[in-house]
Amino acid sequence: MIDVFQPSLGAEELERIKGVFESNWLGKGKINGEFEEGFAGHLNVGREHVFTTNCCSEGLFSSMHMFGIGPGDEVIMPTISFVGAGNAVCACGAKLVLCDVDRRTLNVRACDIEPKITPNTKAILLLHYGGVPCEMDEIMALAKKHALAVIEDSACSVASTYKGQACGTIGDMGMWSFDAMKILVCGDGSMLYFKDPALKEQAEKWLYSGLESKSGYSNSVDQKWWEYDISSFGHRAIMNDITAAMAVEQLKKLRGFIARRKEIHETYDRLLKGLDWLDTPPDIPDYCTSSYYFYHVQVVGGHRDLLAKYLREHNVYTTFRYFPLHLVKHYGIEDNFPNADYAAYNTLCLPLHQSLTDADVETVARLICRYGEDHGLNTAGSSDGY
Ligand SMILES: *Cc1c(COP(=O)(O)O)cnc(C)c1O
């Protein structure tokens, strides 16, 4: 089976994990520090803005707490969002306000957000779909005008930039995921960014039981070091040094992963662009860089589900991300989002990971072309000799 996502871990990660075993320190320690330092460098921000936590969903939940969002408040997000984002808003008692997206990029735009703003709106929670940045200038201007916090779910955009600035560091808070399905993976883990270092300090304590001082040898008092105080009734959500050991090695490989993903993206473009029944992803603006997390095609004429089934029968697994939240019954939101509906009905994410061979990519493209031929869809002729 050619999988849609796949991690690339190797001897380097194992070797670092071995070092953690030998150190006898499995908790959040030096290696987390090394990862925070390295990731801050990767983002081109100061170390005082970032820290690790156990998963990006925890980051989404903590964003509500850190920006004081609760009952009576509203948070706007695109209906094409990760379920954890919707849950974070609803769980804190705030009102989840969904909006539409661009039907081709699946990214939210300022014009989608603006009509949803009310006097109760506190924040915009957006994601950069598939690693392609949203048009942040317009969104930031809108947020400024209405004094709204901007939270960037950057789980898809680990290496994306918008006009030279790392996605996740443009708004007030950003979060990245290193779970098993992402590009930089360590099983589970996340990095959080806060524009305001004081808020980062508070958040770091909140995610470590609200403890005021560090425990263990790093505590400088020389007697009764077991006494403590807390500053909040916080959670305990930390990354440990076993997962951080994987993450530091993955970070070294990230540039190579992205380069390979870009090649695959371009190969799909070359092999699929000529098909008139299938839209390849829109071009990435020249002032942005992508992380190439998804390669999403849009199959017109109601063939998406049949194509997905055909590919699966031929050992190619595909998926659609993210099933719109207004179609998730439990949220109980009835609204009309024509672009998101179009996207949900037609979009398919093709296999994209750095371990795909050129032959794998050609196999996927050839199967798609063959599906079109079998169904008489290639009226304008197929592309590149298939
Ligand atoms: C994976 C993902 C998350 C959640 O990340 P976890 O680390 O698994 O909690 C959040 N948002 C988006 C867009 C994701 O793809």
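A cavity is a set of grid points over the protein atoms where a 1.4 Å probe fits but cannot get out. In this structure, which is a predicted model, the largest cavity has a volume of about 40 Å³.

**The cavity**

- The structure holds one cavity of 30 Å³ or more, and the lining of the largest cavity is formed by A155, C156, S157, V158, S177, F178, K182, I183, L184 and Y293.

**Helices α3 and α7**

- Helix α3, which covers residues 56-66, packs with helix α7, which covers residues 197-206, at an angle of about 120 degrees, and their axes lie 11 Å apart.
- Because angles of 65 to 115 degrees count as roughly perpendicular and those over 145 as roughly antiparallel, this angle makes α3 oblique to α7.
- The two helices α3 and α7 cross in a right-handed sense, and in their contact S62, H65 and M66 of α3 meet L199, Q202, A203 and W206 of α7.
- The contact of α3 with α7 is made up of four nonpolar and three polar residues, with no charged residues.

**Helices α1 and α8**

- Helix α1, with residues 11-23, packs with helix α8, with residues 241-272, at an angle of about 145 degrees, and the axes of these two helices are 8 Å apart.
- The crossing in which α1 passes α8 is right-handed.
- On the α1 side of the contact are E12, E13, R16, I17 and V20, and these meet D241, I242, A245, M246, V248, E249, Q250, K252 and K253 in α8.
- By class, the contact of α1 with α8 has six nonpolar residues, one polar residue and seven charged residues.

**Backbone details**

- Most residues other than glycine have a negative phi, and most peptide bonds are trans.
- N44, although it is not a glycine, has a positive phi of about 65 degrees, and this residue is found in the loop between α2 (30-43) and β1 (50-53).
- The peptide bond that joins R321 and Y322 is cis, with an omega of about -10 degrees, and Y322 has its place in the loop between α9 (304-313) and α10 (338-346).

Key:
Residues numbered from 1 in each chain as written. Predicted model: local features only at pLDDT ≥ 70, side-chain atom pairs only at ≥ 80, totals over all residues. Heavy atoms only, no water. Axes fitted to C-alpha atoms, helices over the stretch in contact; angles between N-to-C directions. Helix = DSSP H or I, 4+ residues; strand = E, 2+ residues; numbered from the N terminus. Parallel < 35°, antiparallel > 145°, perpendicular 65-115°, else oblique. Left-handed = near helix turned anticlockwise from the far one by under 90°. Contact = heavy atoms within 4.5 Å. Nonpolar A, V, L, I, M, F, W, Y, C, P; charged D, E, K, R; others polar. 1 Å grid on protein atoms, 1.4 Å probe; cavity = no way out; pocket = protein on both sides within 12 Å on 5 of 7 lines; lining within 4 Å. Points joined across faces, edges and corners; volume = space filled by probe spheres on them.
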